[in-house]
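Trainee: I would like to go through this model with you and ask, at each step, how we know what we say about it.
Mentor: Then let us look at it together and set each value against its definition.

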Amino acid sequence: MVVPDTGTHEGGVLSQTLVAIGRIAVSLFVPIVAFVILWAGFMFLRDSNAPQGIIALVAIIWGVGGVAMLFWVTDWVVNRTPLHVAKKLQPFVFVGPALVILTWYLFLPTMRSLYLSFFDAQSKNFVGLANYVFAFTDSKMLESFLNNLLWIVLGTGGAVGFGLLIALLADRSKLEKVFKSLIFMPMAISFVGAGVIWRFVYAYKPAGEDQIGLLNALVTLFGADPQAWFTLRPWNNVFLIVILIWLQTGYAMVIISAALKGVPSSIIEAGRIDGASELRIIRSIIIPFIASTLLTVSTTIIIISLKIFDIVFTMTNGNFGTEVIASMQYKQMFRFYHYGRGSAIAIVLVIAVIPVMWYNLRQFSKREGF
Amino acid sequence: MTRVKSKKSNWSLVVNLILLVLVIVWSIPIIGLFISSIRPQDNVLSTGWWTIFGEHSELSLDNYRQVLGGSQYTFVDSAGNTVRASGDNLSRAFINSFTVTIPSVIIPILIASAAAFGFAWMIFPGRKFFFTTVVALLVVPLQIALIPILRDYQSLGLTGSYLGIWLAHTGFGLPLGIYLLYNYISTIPRDVFESAFLDGARPMVVFNRLVLPLSVPAIASLAIFQFLWVWNDLLVALVFLGGTSDVAVLTQRLANMVGSRGQDWHLLTAGAFVAMIVPLAVFFGLQRYFVQGLMAGSVKG
Amino acid sequence: MRKVMLVLLIALLIMPSVFAAGQKGTAATGAKTVTVFGAFVDEEQRRFEEAIKPFEERTGIKVVYEGSKDFETLISVRVEGGNPPDIAGLPQPGLMMNFASQGKLVPMWASLEATIDKNYAPVWKDLGSYEGTPFGVFHRVNAKSFVWYPKKAWARAGYEVPTTWGELVALMDKMVANGHTPWAVGIESGGATGWVGTDWIEDIMLRTAGPEVYDKWVANEIPFNAPEVKEAFEFLGDIWLNPKYVYGGRNTILTTSFGDAQRPMFDNPPKAWMHRQGNFITGFFPDAVQANLEEEVGVFPLPSINPEFGIPVLGGGDQFVVFNDRPEVRQFMEFLATWESGESWAKAGGALFPYLNQDLSAYPNEIERSLAEALVNAKVFRFDASDLMPAQVGAGSFWTGIVDWVNGKPLATMLNDVQRSWPK
């Protein structure tokens with residue numbers, strides 16, 4: 001790797017070092033300069049007395065324009081360096097800013113959590129693995145692991161399955177836009193709103209009363225007794241997962257749909273000419289073509305299922321055997337103020353996603369660029 | 001686009017029927033919410049929303065009136081008189097939400113698309129490691145980042161500034177953005193770039209002229225998700241921007257609308273619809289980009 | 001592209017001067033400001049802001065209140081993140097102790113302590129203290145040991161207010177014999193489901209085991225599975241787990257929101273005839289009932305069980321604590337320790353205050369006046385135990401334990417589990 005350039009340059013080591021320094025500098029340049037300029041501007045902006053609308057407008061142009069400009073400036077600077085240096089610096093013009101921001105906002109906090117996970121509630125005394133022992137032995141935690149598995153399997157399966165089905169069907173319908181918009185609608189609702197919606201579905205009133213929950217209205221219409229849905233183990237988990245599927249199918253559909261548009265019509269036509277049935281075309285032409293997209297969508301929904309929190313916390317608070325990992329994490333951290341346990345559970349979440357990452361990495365290797 | 005749609009008519013009937021059933025199932029909860037939002041409070045709490053088609057057909061715009069105009073309060077002023085007054089209306093909150101949301105969507109998309117391009121089409125040491133780490137960060141609960149980031153913001157003087165919250169949303173939104181855009185950009189056929197590079201174009205030019213235009217469908221999808229996430233976010237805004245009435249965003253105002261003890265949750269039915277208008281407008285505005293499938297046309301054409 | 005960038009670059013250079021121009025106007029507003037962060041929002045926020053106006057007018061100090069439903073999460077993030085408000089209104093003494101033990105709070109200074117000694121019963125000072133040092137000033141409080149009933153329907157049915165537990169049980173049986181359901185109970189409260197049950201248990205504990213045992217229970221000096229606790233649960237179980245006594249039975253208890261739970265009392269005829277809840281429940285009554293509160297609703301204290309302990313009052317409340325020590329912050333805290341800071345809120349209704357020298361005639365109706373009186377004159381007053389216990393129990397296993405028990409978990413197992421969750 002350290003093969004010095006023959007010719008005009010003095011020493012390999014020196015130029016390598018310079019390149020390394022250059023790389024770091026470029027990665028830092030965009031974010032730091034962007035930051036300083038923006039920061040200086042907003043010190044003014046924050047205390048400004050101008051009308052709210054104008055401040056907002058100026059702030060938006062300032063922020064967005066600033067970032068775009070700084071990308072351009074870095075690129076300009078890199079291109080003023082000798083060609084072989086520029087080549088090595090180029091990639092960092094593109095990935096550098098993202099890496100710096102991610103390091104600051106997510107990577108370092110994760111490392112901090114890793115550190116805190118070995119300490120007690122107030123992060124004062126070292127407790128070794130005690131918090132991890134809690135995470136893997138507490139009965140509520142064990143319940144959470146099982147439930148999260150259910151969320152991953154049913155939630156991801158449901159959302160991706162329905163998303164794929166709807167995307168495929170809508171692609172063949174003249175009313176594509178209408179159908180897709182309606183399926184997408186739940187995504188637009190804030191979680192507070194979604195919570196109210198599902199109250200109107202699962203609400204329970206004693207037998208003989210007017211039911212305000214749709215499900216119980218149907219059940220009583222057919223002569224059965226109304227059910228307190230959230231107390232029915234283990235089905236209550238499924239009732240909660242339905243909410244996730246309802247919310248996330250729109251996401252899966254939108255991404256899969258975009259990928260479907262990229263399937264070359266020539267291949268499909270060729271299949272038709274060969275006399276393949278529609279199902280066969282879907283199975284052996286379309287699905288393989290969009291496989292990488294399906295993996296992407298599944299990965300993100302698996303991660304959403306793993307992090308699921310709002311639905312459980314507001315609907316059942318984890319009662320009746322519906323506890324999940326992220327809700328345990330939240331409770332330990334912000335309700336019980338046990339930073340050690342809260343951090344340990346967060347780290348467990350990160351570890352739990354490793355198999356998914358490993359599979360992604362394998363696919364990534366198959367897709368090398370140039 | 002029209003390739004399959006003109007096929008056999010009974011096939012398309014089946015397709016439309018299945019879709020219709022699914023769409024009805026998906027829409028029922030929202031229809032219920034909408035009907036509840038135009039019913040009087042006592043009816044909402046005592047009878048099912050479907051009874052509006054039967055014995056309880058009263059309609060009322062009171063919920064909307066309260067949400068948009070601010071709820072009515074009774075309090076005693078310093079002179080000892082009992083006063084009824086309205087709370088603030090939502091226009092300030094709308095502007096605040098826009099100010100927070102627009103850059104919080106555009107900035108991460110700019111940075112994520114550049115990074116996705118770098119990861120997909122450039123060779124550099126540590127590429128796989130960095131990429132895997134980026135995707136693994138998707139799973140990190142953002143709650144663990146709040147305290148350390150707030151500390152940094154305190155020392156930098158960023159707390160309570162729009163820049164602070166834009167950067168926070170950028171940081172929290174980047175993993176998904178990079179991952180989604182990588183998936184898309186890495187599938188752009190290689191020959192598209194090769195001719196450009198042979199012409200001696202710089203990567204930044206290739207990125208601007210080829211990658212960004214070709215990625216419009218993926219960017220449009222990502223823009224919607226990031227928009228929804230930021231628009232509906234409550235926690236990040238409360239931590240980094242604060243919740244006083246001059247900076248409060250729409251979700252904060254709506255969350256507080258249920259009253260201190262949650263007694264006014266019928267107002268949420270109307271509030272949820274008010275908050276939904278903007279995201280839906282954005283969806284319809286961007287929809288044509290990912291429905292048309294620009295990619296298919298420009299690359300394969 | 002280049003031209004666009006050039007324009008942007010120029011724009012970026014010009015903008016600071018634009019901001020600078022806008023900034024000049026603000027320089028004049030150098031008024032002192034105190035930031036207050038609390039859990040109450042909306043209508044209550046307006047009433048609080050109205051109540052502190054006399055202070056702002058007198059001193060020229062501006063008080064900026066911020067309320068959030070996510071108070072508990074935010075206060076810990078902001079304090080840990082180095083961005084605490086000047087003053088926070090903490091709903092739980094546990095939170096105060098947590099911050100005090102980390103040295104985040106400013107202890108009370110002499111003049112404030114003197115005001116507290118003068119205006120409050122000693123119990124409130126103790127509740128605001130950590131390891132003997134006072135920190136918190138109580139402002140709005142609530143009293144929970146009350147039973148509400150539909151007055152007119154009671155009069156028609158000929159029911160009378162019970163004064164002993166025996167009379168209460170007799171009344172319940174009489175109701176059942178008449179085909180009536182005595183109680184309306186609902187404990188659902190989103191992420192806080194179960195707290196209604198903890199209030200019931202605490203009220204019963206105070207009546208069966210007495211305040212001393214109650215204090216030991218709070219401090220875990222007697223374990224959570226002690227016979228005294230078990231006895232309290234058995235008293236509660238006799239009512240809650242008997243489908244004849246509670247409207248809708250167990251499932252209704254578990255799934256009905258605590259605020260909606262009272263509604264069956266105001267159906268015609270009533271589907272339930274009594275509801276035990278704090279003074280704040282009046283805000284949840286149907287509009288027609290609220291408009292005519294004194295005629296529609298009656299209230300009596302939950303009767304005594306063991307005459308030795310009388311009728312204790314269970315309550316809760318927000319205490320204000322100081323994070324940033326500045327003269328104007330001190331001034332405001334001293335204001336909060338006086339009846340003047342609560343008077344206009346008391347007049348508007350929906351809040352009780354603990355001040356010894358308060359003017360009871362300020363309360364807008366006979367009901368609130370009697371509750372305020374009961375609170376101030378209580379021989380035995382105890383703070384909500386679940387707010388005093390460590391959060392793992394008080395906002396964790398105690399809540400979920402109640403839910404599990406109503407949902408069928410054996411009492412002994414549940415009590416053992418709660419005891420096991422107590423942090424060492």
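Trainee: How do you know what confidence the predictor has in chain B of this predicted model?
Mentor: In this predicted model, chain B averages a pLDDT of 81, and 84% of its residues score at least 70. The scale of pLDDT runs from 0 to 100, and local features here need a value of at least 70.

Trainee: Which stretch of chain B has a pLDDT under 50, and how many contacts does the model have for it?
Mentor: Residues 1–6 of chain B stay under 50, and the model has 6 contacts for them beyond four places in sequence. Over residues 293–301 of chain B the pLDDT is also below 50, with 18 contacts in the model beyond near neighbours in sequence. Where pLDDT is low, the predicted coordinates should not be read in detail.

Trainee: What makes domain 1 and domain 2 of chain C, as residue ranges?
Mentor: The assignment gives domain 1 of chain C residues 33–143 together with 315–383, and domain 2 of chain C residues 146–311 together with 390–421. The C-alpha centres of these two domains lie 28 Å apart.

Trainee: How many residues of domain 1 of chain C are in contact with domain 2 of chain C?
Mentor: A contact requires C-beta atoms within 7 Å, and 14 residues of domain 1 of chain C are in contact with 19 residues of domain 2 of chain C. On the domain 1 side, the elements that give two or more residues are strand 6 (137–143) and helix 18 (366–377) of chain C, and helix 18 of chain C supplies the largest share, 5 residues. By class, that side has 6 nonpolar, 4 polar and 4 charged residues.

Trainee: What makes up the contact between chain A and chain B?
Mentor: The contact takes 103 residues from chain A and 106 residues from chain B. Helix 3 (residues 83–116) of chain A gives the most to the side of chain A that touches chain B, with 18 residues, and that side divides into 68 nonpolar, 23 polar and 12 charged residues.

Trainee: Why is the crossing of helix 4 and helix 15 of chain A called right-handed?
Mentor: The crossing of helix 4 of chain A and helix 15 of chain A is right-handed because the near helix is turned clockwise from the far one. Their axes come within 9 Å and cross at roughly 65°. Among the residues that meet are A:Tyr132 and A:Phe134 in helix 4, and A:Ala344 and A:Val348 in helix 15; the residues of this contact divide into 6 nonpolar, 2 polar and 1 charged.

Conventions. Residues numbered from 1 in each chain as written. Chains lettered and ligands numbered in written order. Predicted model: local features only at pLDDT ≥ 70, side-chain atom pairs only at ≥ 80, totals over all residues. Contact = placed C-beta atoms within 7 Å. Domains from an automatic or database assignment. Helix = DSSP H or I, 4+ residues; strand = E, 2+ residues; numbered from the N terminus. Nonpolar A, V, L, I, M, F, W, Y, C, P; charged D, E, K, R; others polar. Axes fitted to C-alpha atoms, helices over the stretch in contact; angles between N-to-C directions.
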